[in-house]
Amino acid sequence: KLQFLYFIVTLQKRNMAELKTGGAEVKDVTKVERIGAHSHVRGLGLDDALEARVTGQGMVGQLSARKAAGIVVTMIKEGKIAGRSVLLAGAPGSGKTAIAMGMAQALGEDVPFTMIAGSEIFSLEMSKTEALTQAFRRSIGVRIKEETEIIEGEVVEICIERPATDPGKDSAGRTGRLCLKTTDMETEFDLGQKMIEALQKEKITVGDVITIDKANGKISKIGRSFSKSKDFDATSQNVRFVQTPDGELQKRKEVVHTVSLHEIDVINSRQQGFLALFSGDIGEIKPEVREQIDSRVAEWREEGKSEIVPGVLFIDEVHMLDIECFSWMNRALEGSLAPVVIMASNRGISTIRGTEYKSPHGIPIDLLDRLIIISTDAYTPKELKKIIQIRCEEEDVEMDDEALKTLTALGGKTSLRYALQLITTASLVALKRKSSIVQPEDIKKVYNLFCDLKRSTEYLVEHEKEFLFSDGKGNSHQDPSADVEMTDASNLD
């Protein structure tokens, strides 16, 4: 029997700034934004006509690829492309993952977006098909609608009564009254200890417009009434003024929650219920449980209580999957509950893993025939310079024009990824000489300190005999007679 999902869906959307744990109050940890490889990407950089700007939302170049990705995003939002697959094909460092991240930003938080790597499937403690199944269902959202009764109105009066004996110490026996009004009516409510604490916690005062959830007693402040806007000469810019609600105080409000099918699977396949989502021990889920959930979700859809939100599954380095995974995906993409699968590969004609056959991008021909292929091109020097400028702003590094030209030329000679790695290291070298601006000599110094792929390969070829297990002739620089001497020394007893 399926468990009732109200708790988990409200848990995901509820503000969990404060949690009660063992009588102690634990506050939520402040979110720290980490600067990552694609943290500068804010979207695809398209205009209203889906035309790609040369530079926009952290994206540079790849105009045709970004436009094609924008069309895919539009179809996903309209629900017209479920069960389809897209392949981003291009050379390493040509912006495939950046385009996928831009698509995720453009889709918004309501559309599920899951990212996995092809090799990740083989490192999990479950079968390959189960790992792919969980990734698929993690990318399919269920938008559940429910109606709840709320009390909404403007606060007219708050009266808190304390016991006559020692009122300063005894707070457990406090009672009170709350008067709320709309434009049509006014009503007074009795308050208990928990409601008084909730009012004090939200800092509710006379003139605030609030809502009270009758199911759990949660109080939310919508804003301050316009009728109280002239009570003070100056107010904070964070104060939001709203109109006094009209109609009845008690209303029925429709609340929408979005959860993934995988979360529903976990809740109903483990004894601890929703707590299994936090334990991390998910394991394999029986097909019978998924069948029951699919039938229940279908019933909700027919009754109008929910709707399916096809999300996006992004598989990076898809050529790392083997023939069994590709065969499973062929069947899964034909299912009624299938997300949009976006794949990325930097391989050319390569061997399909698990076989001796070669195929474009390392993907079987029958699966390639299902894909919409978007190709990416190499960046021009002008685009490389703009990308380096954006990354300097993201990493808060100031660089002069000559150093920027040097790093751009270096990126064209080696690779874009190598050039971006030198931004922070060059900044640290500049700080060492007590300068906040990166100069060309800082770029040259870190270039000599850190090898790129080409120089590292040349060094290996030149000193091949000094490394173990090399494929060249004379792969051991050690004298063969040394082994004999060591053997003789070991027998001296």
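Leaving aside its neighbours within four places in sequence, which residues is Asp322 in contact with? In this predicted model, the contacts of Asp322 beyond that range are Phe122, Lys128 and Arg353. Asp322 is located in the loop between β15 and α10. Its relative accessibility is 8%, and Asp322 therefore counts as buried, the cut-off being under 20%. A polar contact of 2.6 Å joins the side chain of Asp322 to the side chain of Lys128.

The largest nonpolar core contains 26 residues, of which Leu87, Ile315, Val318, Leu321, Met329, Met343 and Ile363 touch the most other members. At least two residues of this core are supplied by each of β5 (85-89), α5 (128-138), β15 (312-316), α10 (323-332), β16 (340-345) and α11 (365-368). Helix α10 provides the largest share, 5 residues. When residues up to four places away in sequence are not counted, Ile315 touches Ile116, Gly118, Leu321, Met329, Val341, Ile342, Met343 and Ala344. Another core, of 24 residues, lies apart from this one and includes Ala52, Val73, Ala98 and Val312.

Helix α5 also packs against helix α7 (residues 261-269); the two axes come within 6 Å and cross at roughly 120°. The residues that meet are Gln134, Arg137 and Arg138 from α5 and Leu261, His262 and Asp265 from α7. By class, this contact has 1 nonpolar, 2 polar and 3 charged residues.

Over the whole structure, 22 salt bridges are found. One of them is formed by Arg137 and Asp265, with the closest N and O atoms 2.5 Å apart. This pair links distant parts of the chain, as Arg137 in helix α5 and Asp265 in helix α7 are 128 residues apart. Both Arg137 and Asp265 are buried. The two residues also belong to a network of salt bridges that links Glu130, Arg137, Asp265, Arg290 and Asp294.

A salt bridge between Glu299 and Arg296 has its closest N and O atoms 3.6 Å apart. These residues are 3 positions apart in helix α9 (residues 287-303) and are therefore separated by about one helical turn. Glu299 is partly exposed, with a relative accessible area of 40%, and Arg296 is likewise partly exposed, at 32%.

In the salt bridge between Arg370 and Glu334, the closest N and O atoms are 2.7 Å apart. Here too distant parts of the chain are linked: Arg370 is in the loop between α11 and β19 (371-375), Glu334 is in the loop between α10 and β16, and the two are 36 residues apart. Arg370 counts as partly exposed at 37% relative accessibility, whereas Glu334 counts as exposed at 56%.

Conventions. Residues numbered from 1 in each chain as written. Predicted model: local features only at pLDDT ≥ 70, side-chain atom pairs only at ≥ 80, totals over all residues. Heavy atoms only, no water. Core = buried A, V, L, I, M, F, W, Y, C linked by side-chain atoms within 4.5 Å. Buried < 20%, exposed > 50% of the residue type's maximum accessible area, 1.4 Å probe, protein only. Helix = DSSP H or I, 4+ residues; strand = E, 2+ residues; numbered from the N terminus. Contact = heavy atoms within 4.5 Å. Polar contact = N/O pair within 3.5 Å; in protein donor to acceptor, adjacent residues only side chain to side chain. Axes fitted to C-alpha atoms, helices over the stretch in contact; angles between N-to-C directions. Nonpolar A, V, L, I, M, F, W, Y, C, P; charged D, E, K, R; others polar. Salt bridge = Lys/Arg side-chain N within 4 Å of Asp/Glu carboxyl O.
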